Amino acid sequence: MFPLLTVNKLSMDFGGIRAIDKLNMRINAGEIVALIGPNGAGKTTFFNCLTGIYQPTDGELLWTLPNRSSRTLNGLKPHRITEQGLARTFQNIRLFRSMTVLENVMIGRHCRTATTILGAVLRPPSVTREEKETIEISFALLERVGLADVAHERADNLPYGAQRRLEIARALATEPLLLLLDEPAAGMNPQEGQELEALIRSINNDQIAVLLIEHDMQLVMRLADHIFVLEYGRLIAEGAPEKIRNDPAVIRAYLGEEGIHHA
Ligand code: ATP
């Protein structure tokens, strides 16, 4: 296993608020890692730094490819970061609501296809071939997340849990090495939660690393190889689930919050 992502002293300020404070983190290729912490701890801000939505105030995000070449992610635009192999879903689902389920996944393929505007107008055989391949790959992903039978429905007709799975299919369409999931179990019923857990495991079996923000501690404890705990933007603990469950600083941070002591 090699370190896919190395975070060195990352900080993010919003005016006077330090949302992330000198965060160090390492995610190895193929791991399932969870990022937990009370509300406002800086978890989503970290995802936004990682995916180029925010430019960090300080520190470095170092990305290492399977051939062991490394580069910084700092300063890259979101679509360039996707090309590097990082894909995400959002805490508040972001789908193209009036497009079909299939089209939403096809959009994820965009960063892996070569068609130019001129090609789309002139439509040489290579473009037709690529389009056919895009549809095939997208369909296969819908099958994988259990949505093939609603491929031609409008995305906003899907129930909530299915929309979350569609977002995951779209992220997978970009061929990530690291999949970032921001509260994927939020709003799901227990059965949907179990299906989600199985899906995350199957994604991980394909050697895709997963970084998960999640408030469902039981899910986190079952899935994660390694857990990072943030409080007020600072890393207060990291380690295997068993260690985190018994860590006094973590228990203190969660006092009054449901979950960790029941997990
Ligand atoms: P939750 O579990 O509630 O989603 P979180 O751990 O994801 O919380 P963040 O949303 O990252 O926390 O917020 C961390 C801190 O940064 C909070 O104090 C928040 O108010 C602040 N913050 C986040 N985004 C911005 C922004 N765009 N402008 C100003 N402050 C922000």
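The buried residues of H1 are Lys43, Thr45, Phe46, Phe47, Asn48, Cys49 and Leu50, where buried means under 20% relative accessible area, exposed over 50% and partly exposed in between (1.4 Å probe, protein chains only). The model is predicted, so local features need pLDDT of at least 70 and side-chain atom pairs count only at pLDDT 80 or more, whereas totals for chains, interfaces and linings use all residues. Residues are numbered from 1 along each chain as its sequence is written, and side-chain values use heavy atoms, with hydrogens and water left out. Helices (H or I, at least four residues) and strands (E, at least two) are DSSP runs numbered from the N terminus. Because seven of the eight residues of H1 are buried, the helix is largely enclosed by the rest of the structure. Just after H1, glycine 52 takes a positive phi of about 80°. Threonine 51 belongs to the loop between H1 and E4 and is buried, with a relative accessible area of 8%. Its C-alpha atom is separated by 20 Å from that of arginine 165, which is 114 residues away along the chain.

The ligand is surrounded by 14 residues, of which the closest are Gly40, Gly42, Lys43, Thr44 and Thr45; a residue is near a molecule or strand if one of its heavy atoms lies within 4 Å of it. Helix H1 (residues 43-50) supplies the largest share of this shell, three residues. By class, the shell has five nonpolar, seven polar and two charged residues, with Ala, Val, Leu, Ile, Met, Phe, Trp, Tyr, Cys and Pro counted as nonpolar, Asp, Glu, Lys and Arg as charged, and the others, Gly among them, as polar. An oxygen atom of the ligand is 2.8 Å from a polar backbone atom of glycine 40. For lysine 43, an N or O atom of the side chain is 2.8 Å from a ligand oxygen atom. For histidine 215, a polar side-chain atom lies 3.1 Å from an oxygen atom of the ligand. The protein covers 65% of the 640 Å² of accessible area that the ligand has on its own (Shrake-Rupley method, 1.4 Å probe).

An open sheet of six strands has the order E6-E7-E8-E3-E9-E10, with mixed pairing; two strands pair if DSSP finds at least two bridges between them. Strand E6 (86-88) and E10 stand at the edges with a single partner strand each, so one side of each is left without a neighbour in the sheet. Neighbouring strands of this sheet are turned by 20° against each other on average, direction ignored; axes are lines fitted to C-alpha atoms, and angles run from 0 to 180 degrees between N-to-C directions. Strand E3 (residues 32-36) runs parallel to strand E9 (residues 226-231), and four bridges join them. Valine 229 in E9 stands opposite isoleucine 36 and also opposite alanine 237 in E10. E9 and strand E10 (residues 234-239) are antiparallel and joined by five bridges. Their hairpin has two residues between the strands, and tyrosine 232 takes a positive phi near 45° there.

A four-stranded open sheet has the order E2-E1-E4-E5 and antiparallel pairing. Its edge strands, E2 (17-28) and E5 (70-72), each pair on one side only. Three bridges join strand E4 (residues 58-64) to E5, and the bridge partner of tryptophan 63 in E5 is arginine 71.

Key: Polar contact = N/O pair within 3.5 Å; in protein donor to acceptor, adjacent residues only side chain to side chain.
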